[in-house]
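Me: I am new to this structure and would like a close look at a single part of it. Please take one residue and then go on to its surroundings.

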Amino acid sequence: MARSGASRLRGGLGIAALCYVGIDYLRRVSPSWHATLQPKLWLVLALAAICRAPFYPHWSTELRSVLPFLGSLLFMLVALALEATSVHFVTALLGLDWHRTALPLPDTGQWLFLALNEKLPTVVVQVLRAPLIGLHHYLMLFLMLAFSVLFDCVKAPGLGLGARYMFTMAVGRLLRVITFLSTILPSARPWCASARFEIPNHPHPWLQKYYVPYASDLNMIRQLLREDMSNAPIGDYPAEIIPEWGRMKFLVNILRPSSAALSGDGTSWFSTLKRTGGGCNDLIYSGHMLVAVLTAMAWTEAYPGWTSAGIWFLVLHSTQREIRERHHYSVDCIVAIYVGILLWRTINLFWSAKDQSKTFRLEQLAQIEGRLVQAAKDADLEKVREMLYELNNPVQGQNPTKRALWGFAAVVIIFSLGIGLLAFTLTADG
């Protein structure tokens, strides 16, 4: 009977995920239905988590995952801040004139989808074009997966799963920064930088010396190869604008604000950085696709089945939309897919929390083995249950009180729901 109930709960996670994606898509086809159903769905999911929390038997296990979770969260936030700064830097470095004139790279994926538009039935093309899922959907799908530990849909601890997800995301973002800083590629949307960035038209002084003289003059390139020194004359460019940003003045050389971006309160560095968004260069590899792949990998590992297969279908759908709509070149999406898969698998080899938990439980079992055998001989089932519960919910060091666990549970639920609401709000526009 208990197993049947657990099976129904496990099946319910897939249905909840499908309902979430389907109801959110209604904003495109029926905004009135979306406005009615989405708040109700969120309310039902939140109430279900809150009502289930008091009966969750693994809070002590979750408690041991708090430090890795908080450490991974901090690591991810630092990585995202570095990425946002780097994204602005690669756009500001070359100036708006370069972005307006640089031609997009030839992309066989774009050509393929244009050709398929002519060959496939209209209904299929419309499905391929449809914005079925976005960045915030993948983040919410992972949050639902992590919360499902409350219903025994996936193995505890949920905070441990969240810590690994954020740690892998941070590593992926740092690798992405290294990659797109190495070689600057033109955007597939040449108008993007002019529409979104307030930076000078001319290139950075560093590029005025080391890039511009050799960008198009073949003789200068040959001379550079012979001498391996930059001896070309530097053109006449406007002086760089240096605003009063106080302690953040070191960002001037990175963000390169124009006069329109200046303000007198000394805080315009933040408003300048906020305009970065997803950037206006081709940033190899795709950050959106990295999030999608890591979410799919987490579902595949923790909750295999038809739902995971459906999420992988949505990942492929997102891939072709990124290429079709020229948010990324094909290579960006392809690289993001195999980098995401390899990162998830590789970090799993070094993610020691699971192995430490097994080792600790084996040590605990060895300590209570004699008492467990004696209780079994005495047919003391209550004692056996108590010892097995302690074994399955270990906490190293002093055992927390029930009041402490309840307080911890309340903090985790409120904090997690807050993160979910914040992530949904900040990423709802893609």
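Is T319 buried or exposed, and why does it count that way?

Reply: The model is a predicted one. T319 counts as buried because its relative accessibility is 10%, and buried means under 20%. The residue sits in helix α16, which runs over residues 306-324. Leaving aside residues up to four places away in sequence, T319 touches M289, C333 and I337.

Two of these partners, C333 and I337, fall in a span, residues 328-347, that the unreviewed UniProt entry annotates as "transmembrane region". In the model, residues 328-347 are 90% helix and 0% strand, with their end C-alpha atoms 26 Å apart. The same annotation also covers residues 66-96, 135-154, 291-316 and 404-426. For residues 66-96, the end C-alpha atoms lie 45 Å apart, and the span is 97% helix and 0% strand.

Next, the empty space inside the model. Rolling a probe the size of a water molecule over the atoms shows where such space is left. A search of the whole structure gives one cavity of 30 Å³ or more. The largest cavity has a volume of about 40 Å³. Its lining is made up of W98, H99, A102, P186, S187, R189, P190, C192, A193 and C280. Helices α5 (96-101) and α10 (192-196) each supply at least two residues of that lining. By type, the lining residues divide into seven nonpolar, two polar and one charged.

Key: Residues numbered from 1 in each chain as written. Predicted model: local features only at pLDDT ≥ 70, side-chain atom pairs only at ≥ 80, totals over all residues. Heavy atoms only, no water. 1 Å grid on protein atoms, 1.4 Å probe; cavity = no way out; pocket = protein on both sides within 12 Å on 5 of 7 lines; lining within 4 Å. Points joined across faces, edges and corners; volume = space filled by probe spheres on them. Helix = DSSP H or I, 4+ residues; strand = E, 2+ residues; numbered from the N terminus. Nonpolar A, V, L, I, M, F, W, Y, C, P; charged D, E, K, R; others polar. Buried < 20%, exposed > 50% of the residue type's maximum accessible area, 1.4 Å probe, protein only. Contact = heavy atoms within 4.5 Å. UniProt positions renumbered as here; feature names shortened; annotations may be inferred.
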